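Work through the following exercises with the sequence and the model in view, and try each task before reading its solution.

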Amino acid sequence: MFCQQCGAAVEPNAPFCPSCGKPQPTEGVESAPAPAELSAPRAVQVRTGDWIGQGWQLVKADMVNFILMSLVLLALNAVLPLILQGALNAGMYMVCMKKLAGKRTEFGDLFKGFNFFVPTLVASLLIALFVSGGFLLCIIPGLVLSAMYQFTYLFIVDRKMEFWPAMQASHAIVKNDYFGFTLFLLAVGLIHVLGVLCCLVGLLVTIPIQFVAVTAAYRDLVGFSPSSLE
């Protein structure tokens, strides 16, 4: 389980969060069912090839729409770097969640991430700050920090968390296998390199592959909240 207050991992049926000390819901409490849905995996297994493969298959099945979304995402991020990035990333993840769940999607779903504009904005700024600091110290810390927070936007849109609990929840997953998740991030990065080599046009395909791959990992490790797929 994850604490809804701070996002830290909590043992099932624990009365209090070991990190922030907040009371946790116990069995039979009907007023707060949501935290019970946040079940941390007992054994995390990074499946880089499987997740990237799912990304390719899903993007291939709806290539035109994903390319158009990538174009919009890149264009708007170029207009206001960092400011719109968080909300647009959140919107793309919402699209990927629905796609993986077999739900009907619309192009306008890309902009539903703006319903979480403030937490995604703060999260994007903090992640950019931490990762930049990590790369200044050494390349490896920057890569690890990038891997640590790769599920942040999914926790925000799926579990309706604020930015800091979402970042902590993402870290709670990744800390089970820093090395494996960092390799997963590097593998996705190599796919982007191939996209750049294809006269940059390939990025319009590799960008959504990354989003789907990360979303598939989140689904397998955490699971989607049914309310977020409505």
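Angles between axes under 35 degrees count as roughly parallel, over 145 as roughly antiparallel, 65 to 115 as roughly perpendicular and the rest as oblique. Axes are lines fitted to C-alpha atoms, for helices over the stretch in contact, and the angles run from 0 to 180 degrees between N-to-C directions. The model is predicted, so that local features need pLDDT of at least 70 and side-chain atom pairs count only at pLDDT 80 or more, while totals for chains, interfaces and linings use all residues. Residues are numbered from 1 along each chain as its sequence is written, and side-chain values use heavy atoms, with hydrogens and water left out.

**Exercise 1.** Determine how α4 and α7 are placed relative to each other.

*Solution.* Begin with the helices, which are DSSP runs (H or I, at least four residues) numbered from the N terminus. The axes of α4 and α7 (residues 152-159) come within 9 Å and cross at roughly 70°, and α4 and α7 are therefore roughly perpendicular to each other. Next, list the contact (heavy atoms within 4.5 Å): on the α4 side it includes Gln-85, Asn-89 and Met-94, and on the α7 side Tyr-153 and Val-157 are among the residues. Finally, sort the contact by class, where Ala, Val, Leu, Ile, Met, Phe, Trp, Tyr, Cys and Pro count as nonpolar, Asp, Glu, Lys and Arg as charged, and the others, Gly among them, as polar. The contact of α4 with α7 then divides into seven nonpolar, three polar and one charged.

**Exercise 2.** Describe the meeting of α4 and α5.

*Solution.* The axes of α4 (residues 85-100) and α5 (residues 117-137) come within 7 Å and cross at roughly 110°, and the two helices are therefore roughly perpendicular to each other. At their contact, Gly-86, Ala-87 and Ala-90 in α4 meet Phe-117, Thr-120 and Ser-124 in α5. Sorted by class, this contact has three nonpolar, three polar and no charged residues.

**Exercise 3.** Which residues lie nearest the centre of the largest pocket, and how do the residues of its lining divide by class?

*Solution.* A pocket is found on a 1 Å grid over the protein atoms alone, as an open set of points with protein on both sides within 12 Å along at least five of seven lines, and its lining residues have an atom within 4 Å of a point. Of the 22 residues that line the largest pocket, Gln-85, Asn-89, Tyr-153, Leu-185 and Gln-210 lie nearest its centre. The lining divides into 13 nonpolar, nine polar and no charged residues. Helices α3 (63-79), α4, α5, α9 (178-197) and α10 (203-221) each supply at least two residues of this lining.

Methods: On a 1 Å grid over the protein atoms alone, a cavity is a set of points where a 1.4 Å probe fits but cannot get out, and a pocket is an open set with protein on both sides within 12 Å along at least five of seven lines; lining residues have an atom within 4 Å of a point.
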